[in-house]
Amino acid sequence: MSGLLFTPEQHAVLRAAWAKYSVADALKKQYRAPGTKPHVVTVSADVPVEVALDVLVRHNINAAPVYDASLPAFVGMVAMHDVIEYILAITTTRPSTSTVDSGVLADDELDETASTTAGTAGSDDVAPLALLEPEEGGVNGDQGAAAVDEGEVGTTASSDPVRRTRKWSFGSSTSTEPDGLALAEVMARLRDAHAVSVACIADLSERDAFMTLPATATLEQAMDIFSKGVHRIVITPADPSTPVTPATLVGILTQSDMIQFLSDHETDHPWNDLVHLRIEDLRLCEPKPIVHVKAFQPVVDVLHAMHEQRMSSVAVVDASGRLLGNISSSDVKHMMRHLRLGTLDMPCAQFVNQVKTKQMLENDGKDIVPVIQVGPSAPLAQVMRILLVMRVHRVWCTDQNPSSPQFQAPVSVVSMTDILRVLL
Amino acid sequence: MLDLDACISRLLQRQLLAEVVVRDVCAKLKEALLKESNIQHISTPVTVVGDVHGQFYDVLEIFKIGGHCPDTNYLFLGDYVDRGYYSVETISLLACLKLRYPNRIWLLRGNHESRAVTQTYGFYTECMRKYNSANVWRYFTDMFDFLTLSVVIDNVIFCVHGGLSPSLHTLDQIRVIDRFKEIPHDGPMADLVWSDPDNAISDFGISPRGAGYTFGVNVVEKFLYLNDCRHILRAHQLCMEGYQVLFDDLVTTVWSAPNYCYRCGNMASILEISPAIDRFFNVFGAAPDTDRETPSTAGGGAGDPASTPDYFL
């Protein structure tokens with residue numbers, strides 16, 4: 001990518017536009033209603049992981065701040081990727097066969113390095129995955145509560161991936177050296193079969209650090225954070241002398257909220273000039289490495305891919321590399337209520353089928369497209385509308401030329417982070 | 001030499017056709033469908049059937065209550081496969097009937113008559129399970145490329161699987177579409193099979209399905225006026241009562257898969273249109289369990305269900 005997309009003057013205009021609004025202007029309505037006590041879903045640090053997961057599922061959110069009343073302070077965020085790493089840790093691990101490459105997908109690639117670092121299966125019995133009681137009525141689909149969770153290519157790695165994956169292997173103990181107190185505690189407790197409290201896994205994956213802004217901050221400050229790949233910002237009271245507790249949190253600002261704000265203001269200057277541009281003109285669909293698994297691979301490979309590649313969404317492709325669908329950590333969350341250990345062995349295509357069936361039943365029997373995709377000439381406004389209406393965090397850009405040998409192979413993916421990065 | 005009567009007779013007993021027979025049926029059917037325009041004109045009396053989604057026993061029920069083909073003329077609005085347990089038998093039967101009685105049964109293309117969709121929603125998996133190869137899936141999905149997109153009954157009732165498109169105002173515009181390909185992810189052909197009417201809007205809106213559009217009464221009135229039609233008949237949407245009439249009787253949805261996915265508990269219907277263009281919605285429920293077998297869910301097994309499986313996903 002050479003050359004600037006916008007001139008410094010254009011960037012200055014954009015920044016000034018964002019600076020005119022405060023974070024309160026973009027927060028979901030439920031957090032702004034006067035008089036009512038805003039309800040930010042938080043989790044107490046001492047509850048078991050299974051309970052924290054249940055909170056995420058019940059409120060249909062992908063992350064929640066974790067509060068330790070004994071300190072008292074917020075100690076981090078628990079998010080679906082933390083839960084996924086926990087699942088991988090307590091189930092029999094196996095070599096990962098996820099792959100990343102740019103554009104063209106070759107047949108059967110087994111990533112040898114990934115398989116040796118993914119962790120060796122212990123010969124001991126590992127504790128079976130705790131079974132959550134399925135709740136009648138299904139998941140709360142309240143749109144207001146949904147939060148963005150997905151990662152994207154190129155997030156800054158805060159720790160050495162090789163060292164991190166070694167943390168999770170518990171085969172021969174001589175080769176593994178858990179890092180840090182929290183990890184050692186997790187491992188010890190697993191061996192003693194004690195319930196693991198959520199504080200032990202919050203922020204474990206070291207992504208999505210707990211970011212905050214006061215309610216008086218501007219959207220320019222929020223955009224600075226979001227464009228680095230952070231997906232949600234906890235909004236704290238405007239008055240700095242107010243203690244920050246679960247009861248005083250003002251709300252959670254997400255990337256979805258920013259896209260909604262943009263969509264609501266798309267006729268305002270300076271955004272009105274930009275939303276009609278095609279995503280290829282905004283350089284949003286340049287070929288990039290796509291994390292993918294083959295349709296017949298088991299779901300556990302998807303979880304490994306999410307963990308190793310630091311992605312929250314993994315493409316599922318058929319034998320010839322065509323995009324069939326994708327599995328995101330949101331999907332894993334939705335299926336968690338009925339998760340049985342056997343689910344991890346299920347072929348991805350079948351898992352996608354189950355997720356889509358569930359969505360169909362919640363959508364008045366209407367089927368959804370297998371792959372939410374756009375072409376490179378789609379205007380930004382249309383892509384944003386799709387993200388909002390479909391409540392997804394990325395759309396795929398696929399090869400649309402029927403005579404190309406890569407027809408319907410994934411070429412690129414446009415995520416909310418990509419869009420927000422361009423508009424600052 | 002293909003003995004279609006023998007094929008049909010086998011299929012009515014839910015016996016699969018051999019792979020080479022499927023290949024020949026699909027090859028011949030493609031030749032026949034090639035001659036059909038994107039808009040086929042047909043006449044009443046005709047019985048219109050909505051989505052059946054591989055629910056073979058309910059298709060048999062339809063023939064029981066609506067009359068057998070060719071004694072009754074049928075128009076199927078698409079979505080023959082996916083979700084039900086007998087997509088292969090269902091589409092095999094309809095393909096043979098179409099080949100045998102080309103002017104007594106009409107088959108439209110639905111959004112599920114697509115390679116991408118059938119790989120996710122069950123048909124591909126079922127073909128692999130019942131034939132141990134992807135060939136049958138390929139023969140059928142290649143044939144789907146030839147299915148027509150719409151029908152007009154008696155010059156006044158426009159029939160399509162999904163709905164309208166912002167790119168298509170006249171029937172002539174539909175006629176010039178090149179339909180002989182996989183359904184694209186957007187554009188007029190995608191819209192015809194994916195769109196839904198919505199009485200909360202008056203024009204076009206973004207569809208929560210991720211393809212096609214939602215469309216309102218203004219769009220419908222304009223389309224009917226421009227094309228001298230009186231009504232739009234479509235399927236594509238689950239109706240708890242089996243059918244739904246919208247926009248002050250300008251649009252009808254027909255749904256023919258009772259107890260959809262074997263768990264929705266909905267009714268189904270077929271629409272019988274007489275030469276005087278009288279309508280009769282023949283509503284029916286799922287075929288009694290005693291009349292149907294259901295496959296065991298314990299994976300494996302090429303096809304023949306043993307006895308009692310009562311667990312559906």
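This is a predicted model: local features need pLDDT of at least 70, side-chain atom pairs count only at pLDDT 80 or more; totals for chains, interfaces and linings use all residues.
1. Over all chains, the count of aromatic pairs comes to 22.

2. Another of these pairs sits in chain A. The ring centres of A:Trp18 and A:Trp271 are 4.9 Å apart and the planes meet at 55 degrees, so this pair is tilted. A:Trp18 belongs to helix α1 (residues 8-19) of chain A and A:Trp271 to helix α11 (residues 271-274) of chain A, so the pair ties together parts that are 253 residues apart in sequence. A:Trp18 is buried, at 0% relative accessibility, and A:Trp271 is buried too, with a relative accessible area of 1%. Look around them and you will find one aromatic cluster, formed by A:Trp18, A:Tyr21, A:Phe261 and A:Trp271.

3. Now step back to chain A as a whole. Chain A has 16 helices and 13 strands. Of its 424 residues, 56% count as buried. Take the contacts in chain A between residues at least 6 apart in sequence: 69% of them join residues at least 24 apart.

4. Helix α10 (residues 255-264) of chain A deserves a look of its own. Among the buried residues of α10(A) are A:Asp257, A:Phe261 and A:Ser263. A:Phe261 is also a member of the aromatic cluster with A:Trp18, A:Tyr21 and A:Trp271.

5. What does the side chain of A:Asp257 meet in a salt bridge? The partner is A:Lys28, at 2.8 Å from N to O. This pair links distant parts of the chain: A:Asp257 is in helix α10 of chain A, whereas A:Lys28 is in the loop between α2 (23-26) and α3 (29-32) of chain A, 229 residues apart. A:Asp257 is buried, with a relative accessible area of 5%. A:Lys28 is buried as well, with a relative accessible area of 14%.

6. A second salt bridge to examine in chain A joins the side chains of A:Arg385 and A:Glu266, at 3.5 Å from N to O. Here helix α15 of chain A holds A:Arg385, and the loop between α10 and α11 of chain A holds A:Glu266, 119 residues apart. Are these two residues buried or partly exposed? A:Arg385 counts as partly exposed, at 31% relative accessibility, while A:Glu266 counts as buried, at 18%.

7. The side chains of B:Asp249 and B:Arg279 meet at 2.9 Å, N to O. B:Asp249 lies in the loop between β11 (243-246) and β12 (251-254) of chain B and B:Arg279 in strand β14 (residues 279-284) of chain B, so the pair ties together parts that are 30 residues apart in sequence. B:Asp249 is partly exposed at 34% relative accessibility, and B:Arg279 is partly exposed at 40%. Elsewhere, B:Arg109, B:Arg115, B:Asp142, B:Asp145 and B:Glu182 are linked in a network of salt bridges. A search of the whole structure finds 27 salt bridges over all chains.

8. How do the two chains meet? The contact takes 25 residues from chain A and 25 residues from chain B. Between them the chains bury about 2,300 Å², with 59% of it on carbon and sulfur atoms. One salt bridge is found across this interface, and it is made by the side chains of B:Arg83 and A:Asp367, at 2.6 Å from N to O. There are also eight residue pairs in polar contact across the interface. On the side of chain A that touches chain B, the elements giving two or more residues are α14 (348-362), β11 (373-374) and α15 (380-390) of chain A. The largest share, seven residues, comes from α14(A). By class, that side of chain A has 10 nonpolar, nine polar and six charged residues.

9. One last stop is A:Ser227, in the loop between α9 (219-226) and β6 (232-236) of chain A. A:Ser227 counts as buried, at 11% relative accessibility. Its side chain reaches the backbone oxygen of A:Asp224 at 3.3 Å. Leaving aside neighbours within four places in sequence, A:Ser227 is in contact with A:Thr417, A:Leu420, A:Arg421 and A:Leu424.

Methods. Residues are numbered from 1 along each chain as its sequence is written. Chains are lettered from A and ligands numbered from 1 in the order in which they are written. Side-chain values use heavy atoms; hydrogens and water are left out. Contact means heavy atoms within 4.5 Å. Buried area is the accessible area (1.4 Å probe) that two parts lose on being put together, summed over both. A salt bridge is a side-chain nitrogen of Lys or Arg within 4 Å of a carboxyl oxygen of Asp or Glu. A polar contact is a pair of N or O atoms within 3.5 Å; within protein, one must be able to donate a hydrogen and the other to accept it, and residues adjacent in sequence count only if both atoms are side-chain atoms. Helices (H or I, at least four residues) and strands (E, at least two) are DSSP runs, numbered from the N terminus. Ala, Val, Leu, Ile, Met, Phe, Trp, Tyr, Cys and Pro count as nonpolar, Asp, Glu, Lys and Arg as charged, and the others, Gly among them, as polar. Rings of Phe, Tyr and Trp (its six-membered ring) pair if their centres lie within 6.5 Å; planes under 30 degrees apart count as stacked, over 60 as edge-to-face and the rest as tilted. Buried means under 20% relative accessible area, exposed over 50%, partly exposed in between (1.4 Å probe, protein chains only).
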